Amino acid sequence: MQDCLQDKCGIVGIYSYEESVDVASWIYSGLYTLQHRGQESAGISVLKEGRINTHVGMGLVSDVFDKDLIDILNGNVGIGHVRYSTTGESLVENCQPFVEHKDDIIIAFAHNGDFVNSKLLRDELLESGFDFKSTTDSEVICHLIIDEYNKTKDAIIAIQNTCQRLIGSYSFVTVINGVLYAVRDPLGMKPLSIGRSDDFVVIASESVAFDSLDIAYERTIEPGEILEIKDGVETSHKMPTPGHTANCMFEYLYFARPDSIIFDKSVYEVRLNIGERLAKEYPIEADVVIAVPDSSIPATLAYARASGIPYAEGLIKNRYVGRTFIMPTQKDRDTAVKLKMNTVSSVLKDKRVIVIDDSVVRGTTSRTIIKMIREAGAKEVHLLIGCPEIISPCYYGIAMATKEELLAVDRTNEEIRDIIGVDSVGYISMEGLVESIGTPREDLCLGCITEEYPTIIPPELYKDEE
Ligand code: SF4
């Protein structure tokens, strides 16, 4: 029934300058704050006296780890991962970190993103005799690094040579022969930041991980940067970059937590800007403005402030619902949405209601929510969306839909309005979105709304969509 977008993963890497300090509990806390980036599996690897100890499992961070497990994962350097599968199935073999010991290299590896030439590279590695334990593209990167390292005996060159072959989005943390590395792709598509205290360096997908550890945010890892932390000394190496970035705009709209800083910007501020912009682009006469919780709440507050229309909580999210099964009928799917969301009829009854959502993908969830709002007695319902029409899939690690399933493909605004069942529907303009983010258009990935991707997309991937 999934109409929502799913990101692939969240990653954490921690280095303690004090060798006697164990970092597993800190990685656990960091992963806990990144749980929204992946709920299928979690894993932690720590380095102790040249050995890597790892535990991975299916489920939430709190399901996979308990205090006893954390206590036996000793070591002052480590990495962690939470996963949602976009390539590779939901299997324990696909959990990360991956750990490998081959010839001269011991490596633990955790990755966020997707690269579009993974099949080609995987086939090449299979031909060279590499065995794959998993079906993920992350293991492809791990094997490429191993291959390059065993040729060059230099981890930086091995990472550089590997990255040169990858086309797409990737941020990763890895421990190679006792040294921690944090790497971001040359287009900077996925977020990765560094925070610091006197005793620790923390690398994480989002800055919320630093807040939970009382660590100060320092900066984003630069596109194309390889940060090396070895024997307490940090060195930053740079790979060639194309001279512009391609930050995923959906990280701001939906994936990242509103209290995070990503790409050196506050997610909350961007969402406020979107709400203000929607108020300018769509001045509507209404009695109340409500959010589809949670990611749309800042934009809705800003819309209310700018328009003078009162904000209220007309939809309440059940925060204790886990994953729901794939539902065979529309009635079952409606029931699943109702398990996750309920209306407050006193807010909605006899009112002209503006509903703000962060994005609409297939439109199936929106239709059910609008039906619920009408059943609660709303007189008029106007839907405003903080993302322009999604017209093309994502090939960089966001589970979206095939082109045919996307609501906005080949449909007029009136047709969309009728399908969702609202009195009016308004998408933020492209210009409005870009200005709300505050990053030049050429430095954003807008592929799913423009069909212009920042990398080549192999034809077989387009074909798979047919
Ligand atoms: S195609 Fe869309 S979802 Fe995918 S990386 Fe680009 S902006 Fe993000």
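Helices (H or I, at least four residues) and strands (E, at least two) are taken here as DSSP runs, numbered from the N terminus. The structure is a predicted model, in which local features need pLDDT of at least 70 and side-chain atom pairs count only at pLDDT 80 or more, whereas totals for chains, interfaces and linings use all residues. Residues are numbered from 1 along each chain as its sequence is written.

The protein contains 17 helices and 23 strands. Its radius of gyration, taken over C-alpha atoms, is 23 Å, close to the 23 Å that the globule rule (2.2 Å times the number of residues to the power 0.38) gives for 466 residues, so the protein is as compact as a globular protein of that length. The C-alpha trace spans about 70 × 45 × 40 Å along its principal axes. Of the 466 residues, 52% are buried, a residue being called buried if 20 or more other C-beta atoms, placed from the backbone, lie within 10 Å of its own, exposed if 12 or fewer do, and partly exposed in between.

By an automatic or database domain assignment, the protein is divided into domain 1 (9–243) and domain 2 (268–438). The centres of the two domains, taken over C-alpha atoms, are separated by 35 Å. Eight residues of domain 1 are in contact with six residues of domain 2, contact meaning that the C-beta atoms of two residues, placed from the backbone, lie within 7 Å. On the side of domain 1 that touches domain 2, two residues are nonpolar, five polar and one charged; Ala, Val, Leu, Ile, Met, Phe, Trp, Tyr, Cys and Pro count as nonpolar, Asp, Glu, Lys and Arg as charged, and the others, Gly among them, as polar.

Twelve of the 15 residues of α5 are buried, among them Val140, Ile141, Leu144 and Tyr149. The buried residues of α5 pack against β5 (98–102), β6 (105–112), α4 (118–127), α6 (155–165) and β7 (171–176). After α5 comes Lys153, with a positive phi near 60 degrees.
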